[in-house]
Every structure is written in structure tokens, then in C-alpha cells.
Amino acid sequence: GPDVAVEAARGWAVRAGIPSQALTVTGAAELAWVRPNDFVTRGGADDTEAGLRLVFRVELVIRPGGGALQRVILFVDAGTGALVGGAESA
């Protein structure tokens, strides 16, 4: 569910070295259909699946110390809870 998706997104941030105090989850996780991509595992295959996957979209705002504000959207598979992609947002 949405809570699992948010925790998966927070886990990604921890692994990426983003301090928890610099991270905010904005809004609720929302269902969407997307194609997986290599945002989470850079250098991987991008859009290799022909079909769409049902995911929870989790939007994060990252406020690094002294750095520019960054928005990231992560795609968390609605069935497995696995991170399957994402995007940087304006």
C-alpha cells in the first residue's frame, strides 16, 4: 500500500546518502501506470518492458544544506513494493 511505498522511497534516500532531515515526502502516494526506468539503478536498462506497471508515485523534496531544492518522484511497484524507476521533477 501507500505506506510501504513511502518507506521504500525513504529507504532509497538513505541509501543515496540523503540525511532524513533534508527529506520531505510531499502529499500522499498516488497510483499511476508507468514504464520502469533506470532512475533508481543508474546504468541499467531504461524502459525495457513493453507494458506499463501499476505503481505508487511518491514525491520527495530534498533540501540539501546550502544546495538547490530538488524534487524527485519515485515509482514503487504496487504489488511487490520494489522500486522500479523515477524521475526528477521541476
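Let's start with helix H1, residues 2-15. At 1.5 Å a residue, its 14 residues should span 20 Å, and the end C-alpha atoms are 20 Å apart, so expectation and model agree. The expected span here is 1.5 Å times one less than the number of residues. When I say helix, I mean a DSSP run of H or I with at least four residues; a strand is a run of E with at least two, and both are numbered from the N terminus.

A quick word on where this comes from. This is a predicted model, where local features need pLDDT of at least 70 and side-chain atom pairs count only at pLDDT 80 or more, while totals for chains, interfaces and linings use all residues. Residues are numbered from 1 along each chain as its sequence is written, and side-chain values use heavy atoms, leaving out hydrogens and water.

Now, the whole chain. There are 1 helix and 4 strands, and from the N terminus they run α-β-β-β-β. Of the 90 residues, 37% are buried. Buried means under 20% relative accessible area, exposed means over 50%, and partly exposed is in between, with a 1.4 Å probe and protein chains only.

Back to the helix. Which residues of H1 are buried? They are Ala5, Val6, Ala8, Ala9, Gly11, Trp12 and Ala13. Their cover includes strands S1 (23-34), S2 (53-62), S3 (70-77) and S4 (83-89). Here is a handy rule: an α-helix has 3.6 residues a turn, so residues three or four places apart point the same way. Just after H1, glycine 17 has a positive phi of about 85°.

Next, the inside. A nonpolar core is a set of buried Ala, Val, Leu, Ile, Met, Phe, Trp, Tyr and Cys residues joined through side-chain atoms within 4.5 Å. The largest one has 19 residues, and the members touching the most others are Trp12, Ile18, Val58, Leu60 and Leu74. H1, S1, S2 and S3 each give two or more residues to this core, with H1 giving the most, 6 residues. Setting aside residues up to four places away in sequence, isoleucine 18 touches Trp12, Ala13, Leu23 and Ile62; a contact means heavy atoms within 4.5 Å.

Now for the strands. Two strands pair if DSSP finds at least two bridges between them. S1 and S2 are antiparallel, over 9 bridges, and alanine 32 has valine 55 in S2 as its bridge partner. S2 and S3 are also antiparallel, over 8 bridges, with valine 61 opposite arginine 71 in S3.

Is glutamate 88 buried or exposed? Its relative accessibility is 53%, so glutamate 88 counts as exposed. Glutamate 88 is in strand S4, and its C-alpha is 7.6 Å from that of glutamine 70, 18 residues away in sequence. Their side chains make a polar contact at 3.3 Å. That term means a pair of N or O atoms within 3.5 Å; within protein, one must be able to donate a hydrogen and the other to accept it, and residues adjacent in sequence count only if both atoms are side-chain atoms.

Asparagine 37 sits in the loop between S1 and S2. With 18% relative accessibility, asparagine 37 counts as buried. A polar atom of the asparagine 37 side chain lies 3.0 Å from the backbone nitrogen of phenylalanine 39.
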